[in-house]
Amino acid sequence: MKFGKSILLLLCVCLLVSFVACSHVEKKITVVVREVGSGTREAFDGMVTDGVHFLAETDENGRIRHNTTASAVVQTKNGALLTSVASDRNAIGYLSLSSVNESVRMLSINGAFPNEAALLDGSYPLQRPYVIMTTKKLPLSARAADFLRYLQSDSVKSHVEAAGCFLPGRGESALPAFSPLSALPSGEKILLRGSTSLEKLILSAARDYAKCYGVNPDDLFDVQLEGSSVGRKAVENDTSGNVIGLSSVAVEADGINAHLLCLDAIAVVVHPSNFAVSDLSLAELYDIFCGKTQYFSAIEQGTKES
Amino acid sequence: MNKVRVKEFLGKLIFGGAALFCAASVIAIFAFLVFKGFPAFQKIGVWEFVFGDVWSPSRYDTYDAPLSGYYGIFTMIVGTIAATAGALLIGGILGYFTAVFLTFFCPKKLQGLFASVIHLLAGIPSVVYGFFGISFLLPLLSLVSPNNGSGLLAASLILGIMILPTVTALSQSALESVPQSYYDASSALGCSHAETVFRIMIPAARSGITASLILGVGRALGETMAIVMVAGNSPTYPKGLFHSFRVLTANIVMEMGYAGEVHEGALVATGVVLLFFVFLINLLFLLRSSKAIREKNKKTSVRKPIVRQALLPHTPTLGRLLSVLSAAFCSTILLLLLGFILFRGLPPLLSRRYLLFGKYEFGGAQITLLPSLIATLMAVLLSLGIAIPLGVMTAVFLHEYTKKNSLAVRLIRSAIDTLAGVPSIVYGLFGVVAFLPLFGGSSSVLAGSLTVSLMLLPTVVRTTEESLAAVPDGLREGSLALGAGKVRTILRLVLPSALSGIFSAVILSIGRVIGESAPFLWTMGSVMTAIPRSYLDSGTTLSVALYQLAGEGWHIEEAYATAVILILLVLSLNLSARAVIGHLKRKSTKGKEARSR
Amino acid sequence: MKAREIPHFGQSIRVRHADLWYGAFHALKDICIDLPSRTLTAFIGPSGCGKSTLLKCFNRMNDMVEKCRVSGEFLIDGVSIYGKIDVNALRKSVGMVFQKPNPFPMSIYDNIAYGPRTFGVRKRAELDAIVEDSLRRAAIWDEVADRLNRSALGLSGGQQQRICIARALAVKPSILLMDEPTAALDPISTEKIEELCLELRKTTTIVTVTHNLGQAARISDKTAFFLSGELVECGDTKQLFSAPRDERTRRYITGKFG
């Protein structure tokens, strides 16, 4: 009884203290990140640097060390990350440009906003390729090859745009038009595996592709999008030639053919009412995400307002 | 005559085979986990793995190249211990006082009501608790916290509420088993009700209450989905009440999908470490309960020191107050949870017919829950179809065929008890490393159902065994004395008499399949897709769908609606279970119209 | 009973030098006793003297008790029942009624028909005949004839016990073992069961265990007195109650101990 009473008392005191302590002091930045293993995190960690260190880098032991602050909140979904940032005045996070909506405010990086021009001329630094992966070990099945042909034709342009991504460096004319075969090649279902970031894009493309042949997309595709790494694994283990893998990071692996699909930007977002920052340099971004900069007030703004 | 012998032999063979299968599956689970985790232990080094505090896995790591990532789970071990301690502090104390209230201070009229409140709290799926956490608790806590509210406090609160029913139910039965004569004796000396309760009854039930707390700890250790939604999950030490941290179970469920070779091994090894903790707790529980039994037999146990005697006069009134407050808190939580989710979820559920009945559209923007409902149904059917017969046959073998204390039986029984303590995420791990490769590496309803049926086995065996033990021996003797064989006795008499118990095992199992999400996530599929057409297709159960919808954040109204459906399912299961079990009991005891042929 | 050939056991029991242990506990010590055909023998003695244990040896219900060991000869019409025999067939020939009425949780009809069905009787007409005959022999037909499809659990204790007797009779046993059949019943029900026993002993060998000395004197032909696992005395009931040979028997039946 005595134990219970004192514990209860202690708890009340704890709550009270934290309440008093927190309500009057400026709040620290809440860093919201994706989980290790997601394509977005991998791309972001590999690009954000203060000139010396990257958020993820190889250390003196030859191992990958993550410099992301320990107090970061990890979210496993783009939407969850968005909700986190949208509901916290002091939050900062990053996600695929295609997933950004009006519930958050987007920052410019190095003075550039993520738009087609800035992406294609490279002035917006946080960009990554969306890649289609197929196995190198055996020829693709007729169906998968035909779908790949579709993905590399100009028909894919509308889907890319609808998803908020950009076709790299090539004009419209560079892409061949897609002409359906006389009949849908027979065979098993095409297995779509990989990044969740490409979900919107690939599903609408798949739906339209099925429409070309007048078949139900469910009879044509088996979709399991659980992350770029899963997709990579599926392609590596492909034994039927039916797997189309989707990656949201660049792919360099022995057994894999990588086909560039389009470019995506990683947007850095804050709470919509947070006007303490508008533009960040890569180094400032690094300092925030590694925990060196703990308050928005510590970032000097204004001089480079664009 | 030979026919009877053959029948008897076959019966024994089948029942014994089921029991053996259960034992074998336990061995298989551990063998697989150790087999898959051992290379990781070896590669990373046990010391670095357990006591390293950097977790930055690399997908490029293979067993035959130098490591490029760090695999240390000490931060998560600390996180797990901290969250469990917090849960014990909140859920343990509240549960204990609620049990005291229910046993001694609750007006008779309200007793049934409170019992069903506790029942319901126990039945609500953990992912619904997690969802309640992110949609209600976190915004509330963020008012006072320096971050979005996630961290140790939120995790402890949610976990605490989750273990509360376990602690309450077990403490209550411990309190109820204190002989009434103690109470009478104390009252006869002129002690008030409250004094008697706190000075005589509760101290007498102390071992039982401790055991209930230990079991609560076991539950908190293994909890996955709720805590993953509120803990923040960055792999660091919990450096305060509001600091992102990660627990062992979360580590597994978050990264299983991505894991490369060594990474996967490290996650399995995380499961092994988790199991180690669970066994430690189980061992503690066993020691405690055997101590409780010893105390009861000896009837001598040393009572409190004098210091506490001096403090006691104050406690009865305070204790009474606290117990009333705890019970009020429990009901408030339940009302809050139900109210909040129904309030937010019912309108979209009612106004959007496509949510339930909409046609699934490939890559469409509209979410329909029909595929999840069907996938859930398929999983329930198959996993119960496997677990119920196997479990019942095992229970029959253990209870009807074996001598109580033979070595084989003790082994099988302890294997099953062990299985009961294994956290559901570990079953998920087992499913991934054992079942997925069987089906070409991709998840399917079949793999998910197989995984979960293993998880159901111990519950089914235990519940059935209890109901078999409740069948009077007179029935068996009567039948055997007529010259009926064992198989006939079991099939015609014993099992029909144990029907209510078997039925409650069925209901419990359905509830678990519907409520569990951790074992399904990586075995059955985590992407909401089309209606599965066969058991080889993948699919999401409703709970997994809720986890996905809540985590994605795009379809928050749909998430509320899913939570409403889950809660309604649990509620109706609860009610129907009561109705049917009550009916079966009445039928077997009073005996109105029995069946005739 | 045409469905299967079931070996039938006789009516007289002979026990020679029987010993029984429960683990280390020596429960029966060198028992030698003869129970002739179509007699009613009463086993009496204080609790724990081994009388029920011996009774359960006759249909091998002790087999189910853990760590129970039996030695000696148990013969029914010269056939050793601990030899290579079919236990189920033995139990069909040697019926048993328990202290506490244990009707099955099914209808009265199904209760009685349970045994015959076990041994392959399937035809409704045949079953009907067996059920009616058994209930009549157990003197309960008139009370339950109009509610054969009701649950047997709804009957009174005395009625339940007679249902159990009828159930035992339905497989036509040649020997009937009764383990304190009236211990849980009121005097009126007890009287009915006693009358029933007197009737049944004309066709069946009956062995009954009882704590009620008056009952033993009233209904039994022979009486056996047991004390701490030993058979102290066995003889004609009249002789045993009027002129016991052993001092311990005399003290027991005059209420000096036990």
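Visitor: What makes the crossing of helix 16 of chain B and helix 22 of chain B right-handed or left-handed?
Guide: These two helices cross in a right-handed way. A crossing gets that name if the near helix is turned clockwise from the far one by less than a right angle, and is left-handed if it is turned anticlockwise. The helices themselves are DSSP runs (H or I, at least four residues; strands are E, at least two), numbered from the N terminus.

Visitor: Before we go on, what kind of model is this?
Guide: It is a predicted model, in which local features need pLDDT of at least 70 and side-chain atom pairs count only at pLDDT 80 or more, while totals for chains, interfaces and linings use all residues. Residues are numbered from 1 along each chain as written, chains are lettered from A and ligands numbered from 1 in the order written, and side-chain values use heavy atoms, without hydrogens or water.

Visitor: Why are helix 16 of chain B and helix 22 of chain B called oblique to each other?
Guide: Their axes come within 10 Å and cross at roughly 140°. Axes are lines fitted to C-alpha atoms, for helices over the stretch in contact, and angles run from 0 to 180 degrees between N-to-C directions. Under 35 degrees is roughly parallel, over 145 roughly antiparallel, 65 to 115 roughly perpendicular, and the rest oblique. The pair therefore counts as oblique.

Visitor: Which residues of helix 16 of chain B and helix 22 of chain B meet?
Guide: Among them are Thr376(B), Ala379(B) and Val380(B) from helix 16 of chain B, and Ile502(B), Ala505(B) and Val506(B) from helix 22 of chain B. Contact here means heavy atoms within 4.5 Å. By class, this contact of helix 16 with helix 22 of chain B has 11 nonpolar, 3 polar and no charged residues. Ala, Val, Leu, Ile, Met, Phe, Trp, Tyr, Cys and Pro count as nonpolar, Asp, Glu, Lys and Arg as charged, and the others, Gly among them, as polar.

Visitor: And why are helix 17 of chain B and helix 19 of chain B oblique to each other?
Guide: Helix 17 (residues 407-421) and helix 19 of chain B pack at an angle of about 125°, with axes 8 Å apart. That angle falls in the remaining class, so the two helices are oblique to each other. Helix 17 of chain B passes helix 19 of chain B in a left-handed crossing. The contact of helix 17 with helix 19 of chain B divides into 7 nonpolar, no polar and 4 charged residues.

Visitor: How do you know whether Thr451(B) is buried or exposed?
Guide: Buried means under 20% relative accessible area, exposed over 50%, and partly exposed in between (1.4 Å probe, protein chains only). Thr451(B) has 0%, so it counts as buried. This residue lies in helix 19 (residues 445-470) of chain B. Beyond four places in sequence, its contacts include Tyr427(B), Phe435(B) and Pro519(B).

Visitor: Is Tyr129(B) buried or exposed?
Guide: At 1% relative accessibility, Tyr129(B) counts as buried. Tyr129(B) lies in helix 5 (residues 126-142) of chain B, and residues it touches include Leu121(B), Ile158(B) and Leu337(B).

Visitor: What makes a set of residues a nonpolar core?
Guide: The set must be buried Ala, Val, Leu, Ile, Met, Phe, Trp, Tyr and Cys residues joined through side-chain atoms within 4.5 Å. The largest nonpolar core has 251 residues, of which Ile92(A), Leu126(A) and Phe49(B) touch the most other members. Helix 16 of chain B gives the largest share of this core, 14 residues.
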